[in-house]
Amino acid sequence: MIQVNIDKKVREWQEAGLLDEATGLRLVDYEHKRRAASEQHNHKPPVLVIVGSILLALSLFSFVAANWQAIPDLLKIGLFLLFMVGFYVFAERVRLKTPRYVTLLRVLGFVFFIATMAVIFTTYNLSGQLTLLFWIIFAMAVLHRVLYEHVFFSILSAITAFMAVTNSFEGIGLTLIAFGLIVTWAWFHFVDESLDRTFAWLTFYGLLNIFGQYIDYEGRLWPLWSLVILHALLLFYRKQAVWQATYLFIAAVLSIGYLINVTESWLSQRPPSVIEATLLSVALVAVYLIHRRNDLLWVSLLAVIPFALFEDSGVLLAIIIEVIALAYLIRQDVTRRPTIFAFIYFLIVQMTIYFIYVWDRLDISLFFLIGALIVFALSLALWWRNRTRGDVTT
């Protein structure tokens, strides 16, 4: 950028009659003050000050670490609280002057919050309440996402939510489940971003499955019941339901999971009753009939799983999922929609069926050859169909 001598330019404008003398003096005074403020704002601390600050911080941390056992418990907690509050206050002080450092300072404040909570739980022998610690950290991460609206806190919220949910499957109380649902709803409701809504939806799903363990549900169908319950969100967030592709992902995972574990231990629990299977199937179909969303049609096809589980060998379930995967792939191609995920799901279904039923009976090279022939035949049939319709060019 070309530097301009403001005094010279103002004199030129005065001589040309563009400015009067009073206005010219005000312009010169304003520019000199602005330049002085800018130079003060952009002034960088000397290298020795930076190095000295780093050494001072390292010495403080070394001193605290060396005398950690001798420091009183309240003083330990107070030190971490002091650092935490200091980072947050410092972030607010520099928010307007140097905004590029604000997020870093807030993240450091969040880190010291975690350290403070860890010290509290360690000092007061609360190691048996680690699940509570994870949910508190998750709530703090969501609060940061809501207040500061930075995508980095979306990642922190997702990571802490995963840790909280995975550490809760051994069993938590109803109060903590309710707390988790409230925090997750706040994340889902107050952050209008599809990425956050997707992570929050997955957290909801994990909490509902934990609730199934809390009520000692011993059947095979609770993951499907959780999926049905979460469709209620579509009743209140219909316009913002761009994250509904998550339903398809979970439905695909559940179908593969039921197919893999159809004869394993967790599916050898109490078999579903005919009444429960009927109610669940009706609920899954009703989801599509209520919302009339095309993608939910494939979720509602999970209604066949409850009845397919009555056949212990899993052959009926394998045939049904094979037909659904093939139909989904064909529909995506015919409607000119992306087929990559449908094709991946189709291949995963084929590999799952192979490893379950024909691993010891059919050579894997022959299996891939048969699969390739099926795919080529399918592609040729679709191409010929589109060619005869006249909407495809060579």
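A salt bridge is taken here as a side-chain nitrogen of Lys or Arg within 4 Å of a carboxyl oxygen of Asp or Glu. The structure is a predicted model, in which local features need pLDDT of at least 70 and side-chain atom pairs count only at pLDDT 80 or more, while totals for chains, interfaces and linings use all residues. Residues are numbered from 1 along each chain as its sequence is written, and side-chain values use heavy atoms, with hydrogens and water left out.

Side chains of opposite charge can pair when their charged atoms come close. By the rule above, the model holds 4 salt bridges. One of them joins Arg 145 and Asp 196, with N and O 3.2 Å apart. Arg 145 lies in helix H6 (residues 130–148) and Asp 196 in helix H9, so this pair ties together parts that are 51 residues apart in sequence. Helices (H or I, at least four residues) and strands (E, at least two) are DSSP runs, numbered from the N terminus. Both Arg 145 and Asp 196 are buried. Buried means under 20% relative accessible area, exposed means over 50%, and partly exposed lies in between (1.4 Å probe, protein chains only).

A second pair is formed by Asp 192 and Arg 197, at 3.8 Å from N to O. Asp 192 is exposed, because its relative accessibility is 54%. Arg 197 is buried, with a relative accessible area of 3%.

Glu 92 and Arg 95 also form a salt bridge, and their closest N and O atoms are 3.3 Å apart. Glu 92 is partly exposed at 38% relative accessible area. Arg 95 is likewise partly exposed, at 39%. Glu 92 and Arg 95 belong with Arg 106 to a network of salt bridges.

The surface also carries a nonpolar patch. Its members are Phe 152, Ile 155, Ile 159, Phe 162 and Met 163, and together they have about 470 Å² of accessible area. Patches are made of residues with over 30% relative accessible area and no salt bridge; like charges are joined within 9 Å, and nonpolar side chains (Val, Leu, Ile, Met, Phe, Trp, Tyr) within 5 Å. Accessible areas come from the Shrake-Rupley method with a 1.4 Å probe, and for residues only the protein chains shown count as cover. Phe 152 sits in helix H7 (residues 151–166). Its relative accessibility is 34%, so Phe 152 counts as partly exposed.

Glu 149 lies in the loop between H6 and H7. Its phi is near 55°, a positive value in a residue other than glycine. Most residues other than glycine have a negative phi. Glu 149 is exposed, with a relative accessible area of 63%.

The largest pocket contains about 810 Å³ of space. On a 1 Å grid over the protein atoms alone, a pocket is an open set of points where a 1.4 Å probe fits, with protein on both sides within 12 Å along at least five of seven lines; lining residues have an atom within 4 Å of a point. Grid points are joined across faces, edges and corners, and the volume is the space filled by probe spheres set on the points. The lining comprises 35 residues, and Ala 245, Leu 248, Phe 249, Ala 252 and Tyr 328 lie nearest the centre of the pocket. The elements giving two or more residues to this lining are helices H9 (194–214), H12 (245–260), H14 (296–300), H16 (315–334) and H17 (340–358). H12 gives the most, with 9 residues. By class, the lining divides into 28 nonpolar, 5 polar and 2 charged residues. Ala, Val, Leu, Ile, Met, Phe, Trp, Tyr, Cys and Pro count as nonpolar, Asp, Glu, Lys and Arg as charged, and the others, Gly among them, as polar.

Several C-alpha separations were also computed. Val 119, in helix H5 (residues 102–123), is buried at 9% relative accessible area. Tyr 288, in helix H13 (residues 274–291), is buried at 19%. Tyr 288 and His 231 are 57 residues apart along the chain, and their C-alpha atoms are separated by 9.7 Å. Asp 20 occupies the loop between helix H1 (6–15) and helix H2 (21–41). Asp 20 is partly exposed, with a relative accessible area of 44%. Asp 20 and Val 10 are 10 residues apart in sequence and 9.7 Å apart in space, C-alpha to C-alpha.
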